[in-house]
Structure formats: C-alpha cells, structure tokens
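Hello,

Here is the structure I promised to pass on. Have a look at it first, and my notes follow just below.

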Amino acid sequence: MSLKRPYRKVVYRQKVKILLVRIVNRNLGDAVIADNAAFLIRQILERLPGEHYVLQPYNISSEDFELVKTADLIIFAGGGLIKFRQEHFYKYVPDLLECAREWDIPVFFNSVGVEGCDAEDERCQRLMRTLKFPCVKGITVRDDLDTLRQGYLDGVDINASAAIDTAVFTPQVYGIRKDPDSSCIGLGIVRWRIFEDYGLAEVTKQFQLSMWIGIIRQLEEKGCQWKLFVNGLKSDYDFALEVLDYAGRTAQAKQLLVRRPAHGRELVETIASFAGVIACRMHAGIIAYALEIPAVGLVWNDKMTFWGERIGCPERFLYSGQFEPEQIVRCLMDSMSAGVRPCGSVWKKSIRAPLKKFIRRYATQAWKQKRRVYLPAPERMGAELVAVASGGMGQLYTGMNAPEGLEASLHNGFRNLEADLRLTTDGRLVCVNGWSRGSYIRLGLDPDAFDRRGVDYETFMNCRQYDGHFGVMDAPQLFSRMRQVSGAWRLILDIGRPDKTVLSGMLDRLKELCAGDRYWQKHLFVRLQGKYDVEEVQKAGLPVQLMYYVPVKEKREEKNLTAKAIARYCKKQNIQWVSMPKEAVEESVMACLKQEGMRVCVFSYDTYTEALMASGLGADWIGTSCLSPACYEQWYEKSRILVFGRS
C-alpha cells in the first residue's frame, strides 16, 4: 500500500486584536490595575497553543473609535468604572459599548468597581441601558455586586460575579517584594477636598492638617520613622507639602516626602519600602496588602469599606468619626502585630477564571473564524507619523524634548521627529518648548523667577522634568544622536517666533552645528512663522528645508491671509512644505494647499480617529505625542502559521 505524500499548507490568519481599556492619569493606582490586567491576559494567551494576538492599551477617555472598531475583543482592565456621580465614566463606558455593539465585538469588564445606582438619573440610565447590550459577555466586580445585579443588570442574564481587585497580583507583575528590614511608616496623602466631595463636610482642610500632625507626633513618640507619599496626583502632592509646612518641616521635604511617582512600578517600589501604611487612596492600601504590608485606610468612599470586607479586615478601615490620631496609630500598630494574611487562591481564581473563560471562548472564535470583514489597514499611516517634541512617554508625559522620549520614539519606529529649539540667555541652543510658565513648571523651576527671555545654559542643563524623572538635552546632543540613526529619517526643528536678535543667535548656532555639511539637507527641516524669518534663514545658507506656518482661521482673517496666498508665497520662496496646528485644519484649506502642490504637516493628533481624518484630508505628516508606528504596524500585521498535514 502506497502512502500519500505529505504536504505543507500556509494559512494566513489575522491576529486576534485585544483592546485593553485603561484609565490614564497620574493617580497611578489605575496604572497598576492596568499592568496587572495585562499580565493576566498575557498569561492566559500563552496557554492557548497556536494563537497569535496583539494586546493594545487604550485610554478610556480618548474616544478613538476608529481603533475600537478594528478590535476582536474589548477588555476593561478594572477600576471604578460603573458610576455616574463623579468623573465621566458614565459617558466613556456607554460610548465604547455602543461602538462594540455596532461592530459586534465581545466585551468583558474585569474586576470593576460599582458605585451607586439611581434609575432617575439620566447618566445612570444610559449606563444601565448599555450594560445590558448583548456584546457584554461578562462582568467581575470587586465590590458592590448586589447593586450591579439588582440595579444595572435587572432583567437580563449576563454572567456577573464577585472578584477581588486585580492589583493583588502586583508582586508577580513587577517582581517586587517588601523590604523585610524596613521600619518606616508610609503616610499616603490625598487632596484635602476629596472628603468634602464625597459628602464628609466635617473633614475640613484644617481638620486634616491637625490629624496628620497628630499622627506624625504619635509615631515619633513611639520611635517610628515616617514618610509622606502620594499615588501620583499633583493635587495630592501639593497637600502633602502643606502638611509638611504645617508641621514646620518644609526644610526636610526631600527626606520626608517621597517624590511623585511617574509610573506604576515606582509607586509599588515606594510602598514596598514601608513597614506599615496609613493611606487615603484605596490602591495604596491594596498594593500594600498585595506586598503583605499592614495598612490602615481612612475611608472617604464605600469602595474602601468593601475592600476591607473582601480581605477579612474591616477593622483596619476607619470612618470620619474615628479620625483621631491616637486611634489611627493604635489601629496601625495592632495591624502590624497581627500581620497580613496573603490573598488566597480562591479570590485570585475569582479574577483569573472568568477572564480566562472569556478569552478562551472569544479569542479562539475570532482566530479560527472571520467574524466579519476586517477593516483594511490605512495606507502609510505608520510612515506619516511624526514624534512631537521628540516624543511623549506613556500617554502622560508630553512636550518634553527629553532624551528618554527621543530614544523611545526611535525604538517605536518613528523616522519623522520634531524638536523645539530655543536660545538660553547666554546664547546656547537647547531643546525646550518655549520659555513659558508651563515649561518652567515642567522643568522644576519657579515660574515667578524667570520670564520669556529664558534661563542660562547651566541652569537649564541641571534641570530634570516632571518631578525629576526625565532629563533635558541641548541641540548638540540632539544632532549627535540623530547623526547615529541609520536609514531615512527627518527632523523638524521648531524655533518658535524669536525676535531679530535671538533669531540671529539661533542661526549662528545652527550654522556651527551643520558646519556647511550637505548631509543635513535631506534630513533637516526648520518650521518658520514669518516672512522675515524665511529671509534670514535663506540668507544664512543653512543646509535645511523650510516648512512655513499656516495659522488658525482667526489669525488668517486678522492678517487678511488665504491658504492660496500662503501657498503661492511658499512656491515663490521654493518652500515645498507647510505646517499647521490641528485647529487650523479645514477641508477647504487642505484642498487648496494640496491643489497648489504643497506638502502638509499637521500638529498634533493623539488618536487614530483624528489621524485618519487628517490623512484623509491629504496630510502628508501627522504630529503625535501618543501614537506609535510600531504599535500601529503590530495592530494591523497578519500572522502566518505553517500547518502540516496529509493530502
């Protein structure tokens, strides 16, 4: 009997696209939740042989529906999402669910918080209506499951179950353990108005200042070291400074107040350095629990009460009537004596099992079968993107012109970049987005100590941005780094609109950097905002291409300018490119510029929805602080799987 010859079959499958919806802000408890959720999802997907997937983080407030509708699955990472009285999730969640229903995308809510229900409130009504959509396949709840079932899901059969907060996996996610030798107590500060915002008017600012000073005194009497810390929000940090000032310890701020963390890992590292914690932010307590560090919570929201019940320690969560320093410190000492019972496997399974069931069912279905016609990848989108101010970091930190942002942009596939150049008071060229109040604050300088003339070179180069997390660079460092980049790349230099003296100094420095080398001709662009600037740059003979500025409609009307007039001026000056802010982008303006043969660079768009719109109007380059060519290409890339069988 003869055997049939084996054959090889190449099967093309679209990657399973999972959109991980996260809350993006500097309250980094939400970042820790998202990191934990991503960790669990990747663990589950690794156990699905033959699957190919891409996990795309999505900012819940971005309203980037062109990206949403290309997803195969949508997973809400967690956090207090099902609520309507505070924040704006009552809008963001229904908007996403309406898009998911339209495009038939399965949705899962992972360990979310539920805060109240009022059938008479229009915001709550919309949440109730959209949570009942058939695209919602499952919900796990970290706190008030009864309100979800009896209020929001009444009359529908959606799989909803109790779970613990996702952040309990923090030690595994970050590879961080508590410091066993620490004797320091962490005091987690929250903005003082939060108690008032949640109906606790008796917990005034003065009350809180006195309370924290009393806690500090109690700890010091017991011989305990202490430090203040925050989860990341500036309003929390500002109040922490007020606490130190009220205590007469402002001079010791560097020793007694941990700097604001820039990312979730740093917050976890901070909490891991404590022996015990007294905190107002819930996730300071949850992270401490995950690290097996005893924590006492000062309650301003029922979610903290639910958390205390979840972990079997409701006595460690105190209410406003119990906010006496002696009682708070005694509660902490009792908690430290009793220790922390680790999170059990049953509660951890309450997160893993429903998430795994959802992914196994719907990811496998999406991979094996084409649920619908996949939307084609927009042409050249990755190549069109320009990293603004050398690139942002983590959807939070922008406008920095920082070396860290530059390296991240190059790593993420950017070959078109922009950098802002300004002259210091002593005539050096540095990378900064203007000498504005906002720039000084970002650099950690006192904005009242400087004006629009800027600072000297040494002062600037000694700065660190965003509370000391990111560096600064000067123009020589930028040019040196870009010279090392291989292949085709472009760098747009934004010099603002300097006065004549400053412009002359900037051009002198640029001539020194370029040194007449024609190498720069194909790589460098200079954005200019006035005809005088154009004339001076042309006189200087710099080996650069020029990019002329198109102002917003109000400015054009004020100066009696039209898009056609701008285009004709550019052609007369042999300028091929124009740049414009997104506020100036109009269909008629874009059509006119393209008709006149101009190439257009627009700034700045941070959603694919906006970028696709700009591309559709004819934009050649699209400035962005948050999008990424690498993520874009991965999202639309197809997988190729070799399948061996017999004919």
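This is a predicted model: local features need pLDDT of at least 70, side-chain atom pairs count only at pLDDT 80 or more; totals for chains, interfaces and linings use all residues.

Isoleucine 185 has glycine 276 in β11 as its bridge partner. The bridge belongs to the parallel pairing of strand β9 (residues 184-188) with strand β11 (residues 276-279), which spans four bridges.

Stepping back, the open sheet is built from five strands with parallel pairing, in the order β10-β9-β11-β12-β13. Because β10 (225-229) and β13 (317-318) are the edge strands and each has a single partner, one side of each is left without a neighbour in the sheet.

Helix α14 (residues 325-338) lies across β9, β11, β12 and β13, and runs at about 145° to β11.

Now for the nonpolar cores. The largest one has 109 residues, and Phe76 and Leu478 have the most contacts inside it. Helix α3 (residues 89-102) gives the most to this core, namely eight residues.

Which residues does leucine 478 touch, leaving aside those up to four places away in sequence? They are Leu406, Ala419, Leu421, Cys431, Met473, Leu491 and Leu493.

Another core, of 100 residues, lies apart from the largest one. Leu40, Ile176, Phe239 and Val258 are among its residues.

Conventions. Residues are numbered from 1 along each chain as its sequence is written. Side-chain values use heavy atoms; hydrogens and water are left out. Two strands pair if DSSP finds at least two bridges between them. Helices (H or I, at least four residues) and strands (E, at least two) are DSSP runs, numbered from the N terminus. Contact means heavy atoms within 4.5 Å. Axes are lines fitted to C-alpha atoms, for helices over the stretch in contact, and angles run from 0 to 180 degrees between N-to-C directions. A nonpolar core is a set of buried Ala, Val, Leu, Ile, Met, Phe, Trp, Tyr and Cys residues joined through side-chain atoms within 4.5 Å. Buried means under 20% relative accessible area, exposed over 50%, partly exposed in between (1.4 Å probe, protein chains only).
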